[in-house]
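Here is a short report for a first look at this protein. Keep the model in view while reading.

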Amino acid sequence: MATYLITGATSDVGCRLIESIIAPQDIVIAQGCGDLKHLAPLCQKFPGQIHTYDVDLSDDSAVDVFISHVSERFGAPTHFVHLPALRVVNTKFKNFDMDRFETDLHIQVHSALRLSRAFLPAMAKARFGRVVFMLTSYIIGVPPKNTAAYVTAKHALLGLSKSLCADYAPFGVTVNCVAPYMMETKFLSDTPDLVVQMSAEANPMKRNARVEDVVPAIRFLLSDEAGFISGVTLPVTGGAAIL
């Protein structure tokens with residue numbers, strides 16, 4: 001039996017991931033923020049297995065309460081997938097929105113730190129754990145212009161993943177990342193259609209990434225077969241970004 005903690009579970013990737021990994025007797029602890037309705041069909045399909053939490057990850061005290069509830073009810077998860085981020089806003093650096101950046105840092109990085117600090121020591125004690133963070137192909141090579149806030153937060157998350165890998169690999173806990181190309185999900189609702197189209201045309205495969213491209217990569221890094229893989233950032237880019 002596995003216990004999955006998935007933050008950003010209400011995203012398109014989160015919902016598809018839950019449906020693809022959950023097995024009988026598994027438990028999924030699924031975090032969203034004001035949008036748990038997206039999980040309702042999965043809760044009906046897998047009754048009693050998915051436990052939803054409405055948590056504002058930009059609020060450190062709310063994250064601490066969430067950790068306390070999860071610890072008391074479920075103990076430490078065996079698998080932790082961290083997906084959340086604010087939508088990308090393309091803006092010139094002279095107009096950098098510091099308040100929004102701080103919020104995104106809390107959602108992406110501070111919450112990952114707090115959750116990892118709470119649960120990775122227990123994974124290490126159990127000599128097993130799988131951790132996957134969602135990054136972006138923007139961290140590979142030259143990023144697009146006007147994305148400083150998003151790219152900076154993702155690099156901070158990358159740094160955390162590398163440090164956790166170094167600390168916990170001796171204890172059977174793997175920490176990896178996926179870095180998708182622009183993915184056509186509801187996350188792009190604030191991105192102009194022309195930008196999305198230009199991104200697709202610039203890709204060697206002449207399309208953007210899809211949820212069904214990314215979820216199998218995450219699922220593999222969570223699997224027993226990936227037990228000797230840690231500290232990896234897996235590009236899911238159609239050849240547009242190569243490590």
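## Ground rules

Helices (H or I, at least four residues) and strands (E, at least two) are DSSP runs, numbered from the N terminus. The protein has 7 helices and 7 strands. Along the sequence they follow the pattern β-α-β-α-β-α-β-α-β-α-β-α-α-β.

This is a predicted model: local features need pLDDT of at least 70, side-chain atom pairs count only at pLDDT 80 or more, and totals for chains, interfaces and linings use all residues. Residues are numbered from 1 along each chain as its sequence is written, and side-chain values use heavy atoms, with hydrogens and water left out.

## Overall form

The C-alpha trace spans about 45 × 35 × 35 Å along its principal axes. The radius of gyration (taken over C-alpha atoms) is 17 Å. A compact globule of 243 residues would have a value near 18 Å, so the two agree. That rule is 2.2 Å times the number of residues to the power 0.38.

Of the 243 residues, 49% count as buried. Buried means under 20% relative accessible area, exposed over 50%, and partly exposed in between (1.4 Å probe, protein chains only). Contact means heavy atoms within 4.5 Å. Among contacts between residues at least 6 apart in sequence, 72% join residues at least 24 apart.

## The sheet

The 7 strands form an open sheet in the order β3-β2-β1-β4-β5-β6-β7, and the pairing is parallel. Two strands pair if DSSP finds at least two bridges between them. The edge strands are β3 (50-54) and β7 (233-236), each pairing on one side only. From one strand to the next, the twist averages 15 degrees. Axes here are lines fitted to C-alpha atoms, for helices over the stretch in contact; angles run from 0 to 180 degrees between N-to-C directions.

Take one pair. Strand β2 (residues 27-32) joins β3 in the parallel sense over 5 bridges. Ile 29 stands opposite His 51 in β3.

## Helices across the sheet

Helix α1 (residues 12-21) lies across β1 (3-7), β2, β3, β4 (79-82) and β5 (129-134). It runs at about 170 degrees to β1. Helix α4 (residues 98-126) lies across β1, β4, β5 and β6 (173-180), at about 175 degrees to β4.

Which residues of helix α6 (residues 193-202) are buried? They are Val 196, Ser 199 and Ala 200. These cover an arc of only 100 degrees around the axis, which puts them on the same side of α6. The arc is that of the directions from the helix axis to the C-beta atoms. On the other side of α6, Leu 194, Met 198 and Ala 202 are exposed.
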